[in-house]
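I opened a new page for this model and went looking for charged side chains and their partners. My entries follow in the order I made them.

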Amino acid sequence: MKKLIQQAWLLITLPLSLTAAAQLPVDEIIRKANLASYYAGDDGSAEARMLIVDKNGNKQLRQFNILRKDIEDEGRQNMLVVFSRPTDVKGTVFRVEKQVTADDNRWLYLPALDLVKRISAGDKRTSFVGSHFYYEDVSGRNPEEDNFELLETTDEHFIVKGTPKKPETVEFAYYRAKISTSSFLPLEVIYFSPKGKALRQMTVKKTADIQGVPTVLHSRIDQLSDGSYTEMMFRKVKYDLGLPQSIFSERSLRKPPQQWLK
């Protein structure tokens, strides 16, 4: 049912005029962007590859599968990320229980140590397995953590400024997001220092319509201070699989649900 609603909504919003777009309040734009980015379908799966390039041009590859199930839109959600390559991270599992009124629960299983590590709220903006993506980039930042201002609306984009309500908890002073007026996917996000210096940039390189859902297939994070970056590519994206709730459990950290990872 939700997929049919999404398809109908796309048909309505594709011809969205500049005048109509300009009438949307910024909180509604952010709500739709959050839904488009992290709540497509009732559940989903994908195979992902990351290319990590350091400031000296050295490259590393990561390959993993993502499983995600919504408990409620804009609310609780479960996620499992299972690494398959290279050998030094094979079997590493990242698990998330997304909350609404509290910090998300995040765990990382390290097979070499047979250790489950709880990721604290203070660690959510640290590197995700050595990449330029943060844990929060993967599972999503709670919109309630920021104040928003609509800076500009064009035929193709909303330009929105986000300012953290608790600046002491993050490494940036504010960010500027370019959000598609048709799909509501954020296509570019730049993070700035208190002096207005660009620190970090997320750019969407490729999108596609999959099962009627606008989907990011290729994105990139640039560390602007030294030229290092990480690219993330998705394939085999599927929605509405009917994933059972039971696979998003503590047991799956050590024994991932292989039948859903193929």
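I began with R68, whose side chain makes a polar contact with the side chain of D70 at 3.1 Å. For a polar contact I took a pair of N or O atoms within 3.5 Å; within protein, one must be able to donate a hydrogen and the other to accept it, and residues adjacent in sequence count only if both atoms are side-chain atoms. I placed R68 in strand β2, residues 59-70. R68 is buried, at a relative accessible area of 9%. Buried here means under 20% relative accessible area, exposed over 50%, and partly exposed in between, with a 1.4 Å probe and protein chains only.

I noted the ground rules. This is a predicted model, in which local features need pLDDT of at least 70 and side-chain atom pairs count only at pLDDT 80 or more, while totals for chains, interfaces and linings use all residues. Residues are numbered from 1 along each chain as its sequence is written, and side-chain values use heavy atoms, leaving out hydrogens and water.

Next I asked how many salt bridges a search of the whole structure finds. The search gives 20. A salt bridge is a side-chain nitrogen of Lys or Arg within 4 Å of a carboxyl oxygen of Asp or Glu.

I then turned to R141, in the loop between α4 and β7 (146-153). Helices (H or I, at least four residues) and strands (E, at least two) are DSSP runs, numbered from the N terminus. R141 forms a salt bridge with E136, with 3.1 Å between the closest N and O atoms. Both R141 and E136 are buried; for R141 the relative accessible area is 15%. The R141 side chain also makes a polar contact with the side chain of D146, at 2.8 Å. I found R141 and E136 again in a network of salt bridges that also links K124, R125, E145, D146 and E171. Leaving aside neighbours within four places in sequence, R141 is in contact (heavy atoms within 4.5 Å) with residues including N34, P164 and F172.

I looked up D137 and R200, whose side chains meet in a salt bridge of 2.4 Å, N to O. This pair links distant parts of the chain, 63 residues apart: D137 is in helix α4 (residues 135-139) and R200 in strand β11 (residues 198-210). D137 is buried at 18% relative accessible area, and R200 is buried at 2%.

My last entry is E231 and R220, a salt bridge of 3.5 Å, N to O. E231 lies in strand β13 (residues 228-239) and R220 in strand β12 (residues 213-223), so the pair ties together parts 11 residues apart in sequence. Both are buried.
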